[in-house]
Amino acid sequence: LVLILDYGSQYTHLITRRIRSLSVFSLCISGTSPLKAITDLKPNVIILSGGPHSVHADNAPSFPAGFLEYVESNGVFVLGICYGLQLIVQRLGGVVRVGEKQEYGRMEIEVEKACGLFGSKKIGDRQVVWMSHGDEAVTLPDGFEVVARSQQGSVAAVENPARRFYGLQYHPEVTHSAEGMETLRYFLFDVCGVTAGWKMEDVLDEEIKAIGDRLHCVFVDNGLLRYKERERVMETFERDLHLPVTCVDATEQFLSKLKGVVDPEMKRKIIGKEFICIFDAFAQDMEHKFGKKPAYLVQGTLYPDVIESCPPPGSGRTHSHTIKSHHNVGGLPKDMKLKLIEPLKLLFKDEVRALGRILDVPEAFLKRHPFPGPGLAVRVLGDVTEGNALDILRQVDEIFIQSIKDAGIYDSIWQAFAVFLPIRSVGVQGDQRTHSHVVALRAVTSQDGMTADWYNFEHKFLDDVARKICNGVRGVNRVVQDITSKPPSTIEWE
Ligand code: XMP
């Protein structure tokens, strides 16, 4: 296992992904986890991530007491990236100070010494890397050597092979570091002697054993679904997946709780709680009918849901900085009766799709764009029960998605949807003044939903869609397009 200790870098999750793509299983936990949480996992390699802090800050996050003794006495290899490198240097007796010249973005480094990190014959090699740091290591601890320097002369890579410590001041995990992936490969396979072999089939074996055929699906229509979604999903479950499924119509239950609520986090918490109430009631019902009450709730929670709902301690993203509470993680009530099983909790969406392919899940189902549990409630800004907002949004969304499918670009887009804005604008339709609703169209590309870029439609496509929407949906007289990436925006508007 390659264990990543997270110190809050926005790139930490990428390290996990890159390593998994090399067929090596990796997990990420908070960099301030207690020693037992680390030793229980028995990692053979530990990577300390980057982070926004300075090692000199009062609350600078660090590994727990006993960490260095543990890794050294158990032969664990340690790689520090950016803040992680500075942490190693400082905690082993070297000096880190505020850099004279800060280094952000594209930078060249030169390899000065043969080192396993760069393969053996890379001396004098220049590489383009991605830097993002203010502090720098100026004096290395005993036994450490500089392996590469930046074009500005600062330390870019260090090693102490005898004690199995390595460090990179730049970020090998971002694609802008041209040889970053190669460096991770050299480090894992040549330096640490890790063997590749983790595959999706292993995950499958492990996760399926536990559940077997004791699964009953519950599809909740919360009144926040898209056009004809209930019928379409039920059909896929019954006809294509052959899974036992019950549909619960809970429209009234959800919409009455959401009446008048405009705060996005409040909406998310209410929805998370209602879902659980429904599952609890369903379990009770099963007990009456069959004399046996289900004890577990299986959820399709993905890794990004966990990362975004629960910022790791020490990440600088304290609780008040939770980006958004995903309904199935941060939005869950504390007093749940059912115990949770989350077989996909450590996987990214593209990994789940790969798993689905092994299971012969129909391709069209696998490629469906993600749709958030809180549904249209986070796409109708403000009170979702106001007027006929949900109805209008459903019609607009259907026209947009159908046009995308007709244009043959559905699979090139990670996610596309419409948003209902809580404002009206003046228009002129059929020589009459209108004061009607405004809708926004959003389509993004992404690999895992953690970062995203807006999709660049052809001019004609946008022109056609806007016309179809204004002509086809009563109450809409203006269409705008969202052209922000994530960050600074998020994919959903709430
Ligand atoms: P954001 O808006 O955070 O979304 O950039 C990232 C991805 O997560 C989806 N999303 C959710 N999925 N429950 C879910 O099941 C939620 O509460 C939730 N919130 C956002 C979003 O659609 C995008 O794919």
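Biologist: How do α8 and α9 run, roughly parallel or roughly antiparallel to each other?
Modeller: This is a predicted model, and in it the axes of helix α8 (residues 251-258) and helix α9 (residues 264-290) come within 10 Å and cross at roughly 150 degrees. Angles over 145 degrees count as roughly antiparallel. So the two helices, α8 and α9, are roughly antiparallel.

Biologist: Which residues in α9 do Q253, F254, K257 and L258 in α8 meet?
Modeller: Sorted by class, the residues of the α8 contact with α9 come out as four nonpolar, one polar and three charged. On the α9 side, the partners of Q253, F254, K257 and L258 are K267, I270, I271 and E274.

Biologist: Is the crossing of α13 past α14 left-handed or right-handed?
Modeller: Helix α13 (residues 389-406) and helix α14 (residues 459-472) pack with axes 10 Å apart, at an angle of about 150 degrees. That angle makes α13 and α14 roughly antiparallel, because anything over 145 degrees counts that way. As for the hand, α13 passes α14 in a crossing that is right-handed.

Biologist: What does α14 bring to its contact with α13?
Modeller: The contact residues split into five nonpolar, three polar and two charged. From α13 come Q395, V396, I399, F400 and S403, while α14 brings D464, V465, K468, I469 and G472.

Biologist: Which residues are closest to the ligand?
Modeller: By class, the shell around the ligand holds four nonpolar, seven polar and six charged residues. Of the 17 residues surrounding the ligand, the closest are H326, P372, T490, I491 and E492.

Biologist: How far apart are the C-alpha centres of domain 1 and domain 2?
Modeller: The protein is divided into domain 1 (2-191), domain 2 (200-366) and domain 3 (379-481). For domain 1 and domain 2, the separation between C-alpha centres is 36 Å.

Conventions: Residues are numbered from 1 along each chain as its sequence is written. This is a predicted model: local features need pLDDT of at least 70, side-chain atom pairs count only at pLDDT 80 or more; totals for chains, interfaces and linings use all residues. Axes are lines fitted to C-alpha atoms, for helices over the stretch in contact, and angles run from 0 to 180 degrees between N-to-C directions. Helices (H or I, at least four residues) and strands (E, at least two) are DSSP runs, numbered from the N terminus. Angles under 35 degrees count as roughly parallel, over 145 as roughly antiparallel, 65 to 115 as roughly perpendicular and the rest as oblique. Two residues are in contact if their C-beta atoms, placed from the backbone, lie within 7 Å. Ala, Val, Leu, Ile, Met, Phe, Trp, Tyr, Cys and Pro count as nonpolar, Asp, Glu, Lys and Arg as charged, and the others, Gly among them, as polar. A residue is near a molecule or strand if its C-beta atom, placed from the backbone, lies within 6 Å of it. Domain bounds come from an automatic or database domain assignment. A crossing is left-handed if the near helix is turned anticlockwise from the far one by less than a right angle, and right-handed if clockwise.
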